[in-house]
Amino acid sequence: MNRPELELRLSLRLFFGGEKCFGPGPAALLEATDRLGSLRAAAAEANMAYSKAWTSLRSCEQALGIPLMERESGGRRGGGSRLTREGRALLEGYRALERRMAAEGARLLREFLPNPWEED
């Protein structure tokens, strides 16, 4: 009989001074903004109001004390957004930490809670 494998799912949230300052939502917004060149387009892709996306990232910036995006107002050239050096470093570090935690979590799961349905 083929039984499902026990798995671990982790969600990484960062806190600074006791306040949540970064997590999966802001990370996804930054990635989409980087790919699309626009926070408005990133919010639309995530089915999120632009104002909520803007408020979320602004809160992260205030909590961390660093700018995550550079914004250029619309007009003739259309405006847009791009990640700052600090924003890119935070996003890359966050994703690397997620990958490392997932790998280590999977190893620890096998060590401490081996799948009881596995056949020897």
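Me: Is Glu-70 buried or exposed, or something in between?
Reply: Glu-70 is partly exposed, with a relative accessible area of 37%, where buried means under 20% relative accessible area, exposed over 50%, and partly exposed in between (1.4 Å probe, protein chains only). This is a predicted model, in which local features need pLDDT of at least 70, side-chain atom pairs count only at pLDDT 80 or more, and totals for chains, interfaces and linings use all residues. Residues are numbered from 1 along each chain as its sequence is written, and side-chain values use heavy atoms, with hydrogens and water left out.

Me: OK, and which residue does Glu-70 form a salt bridge with?
Reply: Its partner is Arg-82, with the closest N and O atoms 2.9 Å apart; a salt bridge here is a side-chain nitrogen of Lys or Arg within 4 Å of a carboxyl oxygen of Asp or Glu. The pair links distant parts of the chain, since Glu-70 sits in strand β3 (residues 69-72) and Arg-82 in strand β4 (residues 80-83), 12 residues apart. Helices (H or I, at least four residues) and strands (E, at least two) are DSSP runs, numbered from the N terminus.

Me: How many salt bridges in the whole structure?
Reply: A search of the whole structure gives 10 salt bridges. Glu-31, Arg-95 and Glu-98 are linked in a network of them.

Me: What about Glu-104, which partner does that one have?
Reply: The side chain of Glu-104 meets that of Arg-107 in a salt bridge at 2.5 Å, N to O, and both residues lie in helix α4 (residues 85-112), 3 residues apart, about one turn of the helix. Glu-104 is partly exposed at 35% relative accessible area, and Arg-107 also counts as partly exposed, at 36%.

Me: And Arg-85, buried or exposed?
Reply: Arg-85 is exposed, with a relative accessible area of 67%, and it forms a salt bridge with Glu-86 in which the closest N and O atoms are 3.8 Å apart. Glu-86 counts as partly exposed, at 26% relative accessibility.

Me: Switching topic: where is Thr-33?
Reply: Thr-33 is found in helix α1 (residues 24-36), and it is buried, with a relative accessible area of 0%.

Me: Which backbone oxygen does its side chain reach?
Reply: The side chain of Thr-33 reaches the backbone oxygen of Leu-29 at 2.8 Å.

Me: Which other residues does Thr-33 touch?
Reply: Not counting residues up to four places away in sequence, Thr-33 touches Ser-38, Leu-39, Ala-42, Met-69 and Ser-81, where contact means heavy atoms within 4.5 Å.

Methods. Polar contact = N/O pair within 3.5 Å; in protein donor to acceptor, adjacent residues only side chain to side chain.
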